[in-house]
Amino acid sequence: MSRSAAPQTDWTPDQPIIALKDVRKSFGHLEVLKGIDLHVMKGEVICIIGPSGSGKSTLIRTINGLTPVTAGSVKVEGQEVHDDKLDKLALRRKIGIVFQQYNLFPHRTVLQNVMMAPVLVLHENKREVEERARSLLAKVQLSGKEDAYPAQLSGGQQQRVAIARSLCMRPDVMLFDEVTAALDPEMVKEVLVTIKELAAEGMTCVLVTHEMGFAREVCDRVYFTDAGLIVESGPPKQVFGDPQDARTKEFLSKVL
Amino acid sequence: MKTLFPLTITKITWRAPLALAVLCLLSAVTAIAQDGTERVSALDTLIVWIPFILEGFGLNLLMSILAMAIATVAGVVLGFMQISPIAAIRLPAKLFTHLFRNSPWLVILFAIMLLVPFQITLPGGDKVLIPDWIKATIGFSLPVMANVAEILRGAVMSIPSGQWESAESLAFSRYQTLRYIILPQCIRRMLPPWMNWYALLTLMTPMAAILGVGDALGHTQAAMEAAGAKPEFLIPFYLFLMTIFFVFIYPISIYTRRLERRFAAGS
Amino acid sequence: MIAPFFERLNKTAGLNFSPFYDAYDWGRLLEGMWISVELIACIIAVSLVIGVVGAGAQTSKSRVIRFLIAAYIEIFRNTPPIVQLLFFYFGLGAITPQVDMGGWYEPIIGSFGWAVIAIGIFGGSYNVEIFRSGIEAVPSTTTEAAESLGFSNFKIFVYITLPLAFRFCLPALTNNIISLAKTASLAYVIAVPEITYTLSSIWSDNVNVPEMMILLFAYYIILVAMIAKGMHLLEKRLALPGYGQ
């Protein structure tokens, strides 16, 4: 295996694997994130909930550096993400992300989609990668679809391919950005089941989601965001059962 | 795939082109000014001959406008023939369109110049000479006609079938449906490609010079010849010729692009 | 078999298809067709290279480079191609160095070369726009997904953007290639002995303009049909199952 040596930091596994400190992000004059503090421990499943336009997607995208921050610090395993000297490849290998719109590569088959990154980016042995890809596809219930093209699959199937594609890089953390928002209701479940299995295996997961039932059942901790700020956080029992802030109460009364 | 990813055209402001026109002229001047007295005379010669070249350009404009008028009328007729329910009308129209869309301008121009007699006899017995530039105009109109026909056909096909059905249910005849319902909806769609074809047609008109028509290119070559056929004339004269066309065509291109964008945004 | 038929046709009906029974004219016709095909292939190749390089340069951070590309596109799309060709051949041809061929001098670039350069550059100005539109049509979310998987910018371009962009711009590219194949006939004006030039010398020798004109039209109709067919096959081959329907 060609995993590169871990970058030199004084990070130890008992510290947060992801730590955001006073993260701010502006698009022009519009301030979307107004000072976010958030941390995730290894093996935790974190849900970020909140009204549309509260900056949830921007927040999750700052974690793997897709959206650069205006100020503040984002650390993954003790490494500052928004550092020009950072080895982006090492970061991206550690963090997998799944998008709302699946974003599969339309000109490659399902199997090729899953295999592409480990082969091209990590230069891993093709046969080993294929073996792993097939078993991952089996895990997300897509055996037999290896040679299909993305456009021939349903939304739920495409989303599961996207999950397998990220997992094939063997990340330490998985980010899920509203992965069920574009799906028909009957397909939401099959995707959530996949994520639930991942969580049960101990994968560190950060989800932006509107699925409150899922958040309540699977999450270790919930962050509630509104207007670019974290308003409230805690175990789901507490946030859903006994919300403290008026904005949380109002939001929950609307969606539950 | 075509409809999913419409190919858009860059937005380029009017300043860039203006700068370009200046650039064209400047490069002509610098080319001339490169070394001493001999080259300066090239610029002087050009200035002397400018009115003559512009006079030729007038013929390019005349040919382009006439050819476009002929092409539009004939193209609309041909386009409607192509969508006729009667095969005896539709098939020849398709063949005709196909022939002129897929042949080079030069070949069509040759065909008209060489195959159309230089004079025709009127029914009364009078003989009328057909000037070469008229024949060239007809030659230029044919490919544009075929493409106008194709544009019209495409525009008509893009009108939802519900329009035909509702017109039919209101007892409109086929002619009435086309005239009052379909065509008005097509015109907006047809305008930008129609203008593109006008620009292209104008850029093709200097080909008439090959066959001895005294257009801008013909006059430019004649001017260089008359002034002593010195090699140093070639670059400034041809650059000047390109500049005239650029100054006329560029605003049309810009306006066409604006229309395209506005229509694309509107639909 | 064929020759006697056309000879009889000439004698009885007065239709003189001289290349089909006269060996000399037959040779000229073949030569003209061959040079025409060669010319078109070279022009298309030059225009494609310019298109890809130009589209890449348009994404450059340098404003000067972007302006130069925009200027190139606008100049060549808004001036007459025939004047461009004459400018290159006579204007620039007059100042390019000559090579000593042992007694006589020949320009480094002949008329064929100038036709390829001039018409290739003309066609390239369209291809830049076509490729650029294709690249723009690739959803940024797709390239973002590749970025998240650790692809470098170069790998994203080679493995994701280019294959998709090429598919998106194929219909427009087909149109431009066909139009270039037709425009190649302009090389006639600088005496490149391609099909139009050859047939015109045959018809001035034999005074059989209508017959040779039919051949010329037939040549171009068949050529365009073949290019269209080829591009269509390519499009079909590259079509993505289930995509864009």
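**Sheets and helices, step by step**

Reply: Happy to! Keep in mind that this is a predicted model. Let's begin with an open sheet of 6 strands in chain A, whose pairing is mixed. Reading across it, the strand order is E6-E7-E8-E3-E9-E10.

Me: Which are the edge strands of that sheet?

Reply: Look for strands that pair on one side only. In chain A, these are strand E6 (95-98) and strand E10 (229-234).

Me: How many bridges does E6(A) share with strand E7 of chain A?

Reply: E7 covers residues 173-177, and the two strands pair in the parallel sense. As an example of who faces whom, A:Ile95 is opposite A:Val173 in E7(A). The number of bridges between E6(A) and E7 is 4.

Me: At about what angle does helix H1 of chain A run to E7(A)?

Reply: Helix H1 spans residues 56-63 and lies across E3, E6, E7, E8 and E9 of chain A. Its angle to E7(A) is about 155 degrees.

Me: And which strands does helix H9 of chain A lie across?

Reply: H9 is made of residues 246-255 and runs at about 100 degrees to E9(A). The strands of chain A that it lies across are E3, E9 and E10.

Me: What is the bridge partner of A:Lys21 in E4(A)?

Reply: Now we move to an open sheet of 4 strands in chain A, ordered E2-E1-E4-E5 with antiparallel pairing. Within it, 5 bridges join strand E1 (residues 18-27) to strand E4 (residues 71-76). The partner of A:Lys21 in E4(A) is A:Ser73.

Terms used
Residues are numbered from 1 along each chain as its sequence is written. Chains are lettered from A and ligands numbered from 1 in the order in which they are written. This is a predicted model: local features need pLDDT of at least 70, side-chain atom pairs count only at pLDDT 80 or more; totals for chains, interfaces and linings use all residues. Side-chain values use heavy atoms; hydrogens and water are left out. Two strands pair if DSSP finds at least two bridges between them. Contact means heavy atoms within 4.5 Å. Axes are lines fitted to C-alpha atoms, for helices over the stretch in contact, and angles run from 0 to 180 degrees between N-to-C directions.
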